[in-house]
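Here is a note to read alongside the structure. Please keep the model open and find each residue as it comes up.

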Amino acid sequence: MVFTLFALVLVLAAAAYLASRNRAARVDAAGDAALHSRPSYHGLHSALWVLMAGLGVLVISTVGATWFITSTLMNEIAQARPDAPHIEHQLILSDARAIADGRISSGSDVLREQVADRFAGLDRIRNVVVIALTLGAAILGGALSYLSISPEWRARNRSETVIRAGLLVMAVIAILTTIGIVLSLIFETVRFFNAIDWQLHKFIFGTTWSPLSGVFEGKMDAEKVGALPLFAGTLLITLIAMLVAVPVGLFAAIFLSDFASKTVRSYAKPMLEILAGIPTVVYGFFAAITVAPFLRDTGEAIGIRVASESALAAGIVMGIMIIPFISSLSDDVINSVPQSLRDGSLGLGATKAETIRQVVLPAALPGIVSAVLLAISRAIGETMIVVMAAGQGANLTANPLEAVTTVTVQIVALITGDTEASTAAGPAFTLGFTLFVLTLLMNMAAQRLVARYRERYD
Amino acid sequence: MADSTAQTPPSGGFDHGSLAAGSGRLKQRRAAEFRLKMYGIIAIGVAAAALVALLGSVVTQASKAVTEHYVVSEITIDPEVIGVTAETPPDEIARAQFGDLTEAMMEAQFPRATGRTAGRELGEIISGGASFELGDRIAAEPGLIGETMTFEFLASDTTDLYLKGEFGALRDAEASGLLTVFEGDDGDLRVSSSSNDFGAALRQVKQHLYEDADSLRTKAARQENAVRVYTERAEKADSEEDRQRQLEKAESARAKQQDLIDEAAALERRAAGASGAEKVDDENISIMIKAGGGWMRLTEVNRATAKAELLTRVSLPIENSDDWTLYTSELPEADRKVTDRQIAWIETLRDQGRIKETLNTRFFTAADSRAPELAGIRGALVGSLLTMLVTFSLAFPIGVLGAIYLEEFAPKNRFTNFIEVNINNLAAVPSIVFGLLGLAVFLNVFGVPRSAPLAGGIVLALMTLPTIIIAARAAIRAVPPSIRDAALGVGASNVQASFHHVLPLAMPGILTGTIIGMAQALGETAPLIMIGMVAFIVEVPGSITDSATVLPVQVFRWSDFPERAFEARTAAAICVLLVFLVLMNLIAIILRRRFERRW
């Protein structure tokens with residue numbers, strides 16, 4: 001219904017545009033005085049008002065009415081079953097909704113049928129109210145702006161003010177997203193820490209990760225939420241990835257910026273871009289189907305036991321994924337070292353290699369470090385490769401041949417697992433929050449570094 | 001080429017040679033330069049090799065999903081068996097007992113397939129979905145009930161894999177003698193050949209025994225390690241009880257080791273035994289004979305004689321026949337999904353010319369299924385399309401308008417600065433965190449339906465927003481100020497200058513950035529898993545609020561399934577995904593080439 005209404009408001013806006021434009025043209029043709037704004041701006045002004053009034057009321061009335069219905073029904077359910085837990089009330093409500101919609105519900109009894117009837121009734125009223133309010137507001141908005149058309153009416157300036165406000169709102173959505181992320185993560189994180197009585201050290205330094213096994217009446221066993229093995233596993237895989245990606249990416253960038261001929265560059269750069277464009281799930285498949293069995297068989301051939309979900313396989317493939325990231329960022333940085341520095345060094349008789357090692361790289365170092373920091377933050381946040389190729393069990397080890405698990409793997413395991421969503425959300429969102437904070441810090445550090453570096457040469 | 005570069009430096013009339021002659025240091029410095037260059041070449045080589053290995057492994061895997069096999073067979077649509085008549089309504093006909101009919105048809109072909117195991121194995125030749133297809137066909141044409149028709153039954157995944165050579169091909173052992181087969185007193189078949197045709201097979205069997213013995217000895221050697229660890233632990237144990245327990249474990253490990261060694265020795269003795277007959281079990285290679293219009297499997301083999309059991313019907317006895325073939329299969333029966341009996345059936349069907357191989361178009365027209373031979377990507381493709389629609393219609397306008405604000409209207413103050421920092425940081429937030437945001441805010445607070453393209457599209461839109469804003473800002477910044485100044489000079493307002501003059505010129509750049517952002521979103525998996533798009537969905541989604549899955553998530557799900565045939569399908573789905581990504585990037589490149597202007 002919301003979609004139909006949305007479309008209807010759009011149609012109304014188009015109608016308002018045409019009507020107002022025609023009226024403005026007629027006013028213009030009547031020739032009492034020159035119009036301040038061109039007729040199409042009068043049309044635009046009306047259309048904008050229809051949209052703003054219609055969509056605004058649509059959103060507010062839908063959300064408000066839904067909230068009202070939910071809270072009313074929840075109250076009624078709570079009165080009917082005063083001693084049942086809150087979660088059961090919610091279940092009854094969602095079942096009643098399912099019954100009212102003719103879908104399959106988890107159970108059916110007198111109360112559910114009753115609530116379903118009430119819901120159906122209220123739902124009908126809500127639909128009528130929402131439709132009436134939305135269309136009313138849209139038509140009202142259109143009519144007001146239609147009636148105000150006159151030669152002096154500053155339709156262009158007024159619509160431009162609206163447009164500017166609209167632009168600001170769009171730009172602010174990025175901030176809203178961040179706020180949304182922070183709020184949603186913090187809410188569950190606080191709940192989780194409440195459940196373990198704020199024993200933060202148990203979470204950060206504990207070595208047993210099995211958060212769902214110790215759940216009892218909203219409390220969690222603080223001894224079983226030790227995320228250290230996850231951090232260690234993430235670190236191990238990230239380290240292996242960096243051991244692959246940093247040398248390869250850096251040498252590739254140096255080669256491409258200072259040694260390679262134009263032809264080589266024209267093949268090598270797109271190749272690295274292809275590597276960068278491959279979805280991570282494909283890397284995960286590659287790691288699980290090709291690299292991991294290869295490592296295991298090689299290990300077997302030389303008499304070393306390599307786990308089939310070894311940290312090495314995931315790390316190597318993640319390293320391959322990050323090569324283009326490092327090489328393109330370092331390439332930019334190396335290229336932005338002023339040519340005068342190189343010329344000076346070459347003029348003093350240094351070879352190209354000496355220039356690179358002793359002049360270009362030191363000058364580019366902050367940029368390269370920031371590239372590596374960004375790459376690390378990419379690696380610890382990477383999900384699919386480790387979900388498909390790394391282990392599930394929290395295993396505290398520094399041996400790259402064994403299976404380890406990571407923060408992201410555990411988030412996926414918790415959210416997609418069979419445990420009730422509200423229980424699994426606590427540890428999952430807390431891990432997500434940790435991940436968010438870590439990557440945020442690393443990004444800020446990287447940006448700080450780059451900013452300082454720019455000051456030196458520009 | 002190395003020569004020419006070496007000769008270029010001494011330009012400008014400077015005699016390099018004489019300077020360097022005394023020290024040899026120049027040589028060293030040149031070597032250092034050469035090394036650095038080589039490291040660069042190696043690095044590029046490593047990246048290229050990784051790319052080739054990745055694409056190579058995907059394409060090789062995917063090539064096994066290009067075709068599918070059918071068993072072509074005559075079938076009589078017996079109304080008694082299916083329990084419906086031509087007058088029954090079509091939807092009831094489609095649901096009739098065509099499974100029984102198909103089973104009866106196969107049993108009529110291979111009457112020896114009695115007993116539960118054989119019956120099950122026979123049933124596994126044809127896909128479980130074939131009888132449903134037959135049902136649909138009959139429902140569409142009820143007049144066929146009671147008639148005999150030719151129908152193409154979809155082969156099962158194991159049959160398909162066998163026919164594609166996944167379990168190793170049968171090797172013709174090139175027998176030259178005359179074959180005699182008769183039934184012995186104990187029910188076993190006595191097989192003999194006029195020359196030593198089974199000698200080679202016997203050697204292979206013995207060779208296999210040696211290999212088994214070897215792997216047993218390797219296992220025994222590993223037990224040695226366990227013994228050592230437990231003994232060490234026993235020495236370090238704090239309590240007598242613990243020490244005792246560790247010692248017991250060490251003892252049992254040693255006993256196990258001894259067992260393994262004994263077993264290996266027994267195998268080796270068997271293999272070394274001079275010229276006796278050798279038993280062939282399912283851990284060893286398979287030796288099969290095609291003769292007398294059917295198939296036999298050897299259970300015991302000597303140079304010229306053997307014991308055998310029937311796999312399909314054979315007209316017995318066979319006397320001094322030269323019309324026979326001896327086959328061996330290297331992979332032991334226990335190690336492959338297709339049994340000897342199934343091989344015999346499939347080969348019989350193949351000899352009768354009733355196996356048909358066609359292009360696997362089903363892969364694009366079918367939705368997901370738990371049976372690999374029936375699974376397709378149509379649902380995921382439509383899901384991806386719907387999700388991308390939502391993502392585009394949200395991210396593109398918001399991103400472009402936001403970028404216009406930041407570039408054209410934003411005053412330079414702390415607030416705009418904050419927005420900028422924010423966008424840069426948002427671009428580097430791990431995608432899984434966006435998934436958590438979607439789960440907590442859009443699913444739980446706003447009540448967007450779970451697993452729906454709407455939810456996925458919103459999450460991906462928020463994720464691609466920073467990419468689009470950053471690209472759009474760069475494109476807008478690249479439009480020279482003279483354009484804007486000219487517009488303002490002839491009396492345009494700021495808004496008019498931006499929307500009528502700057503934006504159209506920046507559009508190609510913005511579209512390029514948007515397409516690249518959309519390509520990222522198309523390949524994204526993790527956030528969609530968070531909002532429940534991993535569910536098993538058989539229906540092709542019809543709208544953005546239906547449950548759906550998308551291509552990359554389909555890849556993830558399939559890669560988790562144990563059936564071998566899914567591996568090829570996963571790789572094929574990856575290929576489709578990559579084709580889309582390549583297309584999108586090509587469009588971006590063309591846009592950039594054709595419309596990008598440099599001022």
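1. Helices and strands here are DSSP runs, numbered from the N terminus; a helix is a run of H or I with at least four residues. With that in hand, find the loop between helix 16 (431–443) and helix 17 (453–478) of chain B, where Ser451(B) sits. Ser451(B) is not a glycine, yet it has a positive phi of about 60°. Is Ser451(B) buried or exposed? It counts as buried, because it has 22 C-beta neighbours inside 10 Å.

2. Now compare Asn320(B). Asn320(B) also has a positive phi, of about 40°, and is not a glycine either. It belongs to strand 10 (residues 318–321) of chain B. Asn320(B) has 11 C-beta neighbours inside 10 Å, so it counts as exposed.

3. Remember that this is a predicted model. For the complex, the predictor gives an ipTM of 0.90 and a pTM of 0.88. Chain A has a mean pLDDT of 89, with 99% of its residues at 70 or more. In chain B the mean is 87, and 95% of residues reach 70 or more.

4. Among the elements of chain A, helix 7 has the highest mean pLDDT (95), and helix 3 (residues 86–101) has the lowest (79). In chain B, pLDDT stays under 50 over residues 1–15. For that stretch the model has three contacts beyond four places in sequence.

5. Next, the cores. The largest nonpolar core has 263 residues. Which residues touch the most other members? They are Ala287(A), Ala314(A), Val317(A), Ile326(A), Ala375(A), Ile385(A) and Ala389(A). Helix 7 (residues 228–259) of chain A gives the most to this core, with 18 residues. Another core, of 22 residues, lies apart from it; its members include Tyr17(A), Leu44(A), Leu51(A) and Ala137(A).

6. Look closely at Ala375(A). Leave aside its neighbours within four places in sequence. Ala375(A) is then in contact with Met242(A), Ala245(A), Ile322(A), Phe325(A) and Ile326(A).

7. How do the chains meet? In chain B, 64 residues are in contact with 65 residues of chain A. Helix 3 (residues 25–63) of chain B supplies the largest share of chain B's side, 18 residues. That side of chain B divides into 47 nonpolar, 13 polar and four charged residues.

8. Last, the layout of chain B. It is divided into domain 1 (23–63), domain 2 (67–163), domain 3 (171–335) and domain 4 (372–595). The C-alpha centres of domain 3 and domain 4 of chain B lie 58 Å apart.

Definitions and conventions. Residues numbered from 1 in each chain as written. Chains lettered and ligands numbered in written order. Predicted model: local features only at pLDDT ≥ 70, side-chain atom pairs only at ≥ 80, totals over all residues. Domains from an automatic or database assignment. Core = buried A, V, L, I, M, F, W, Y, C linked by C-beta atoms within 7 Å. Buried ≥ 20, exposed ≤ 12 C-beta atoms within 10 Å, placed from the backbone. Helix = DSSP H or I, 4+ residues; strand = E, 2+ residues; numbered from the N terminus. Contact = placed C-beta atoms within 7 Å. Nonpolar A, V, L, I, M, F, W, Y, C, P; charged D, E, K, R; others polar. pLDDT = per-residue confidence, 0-100.
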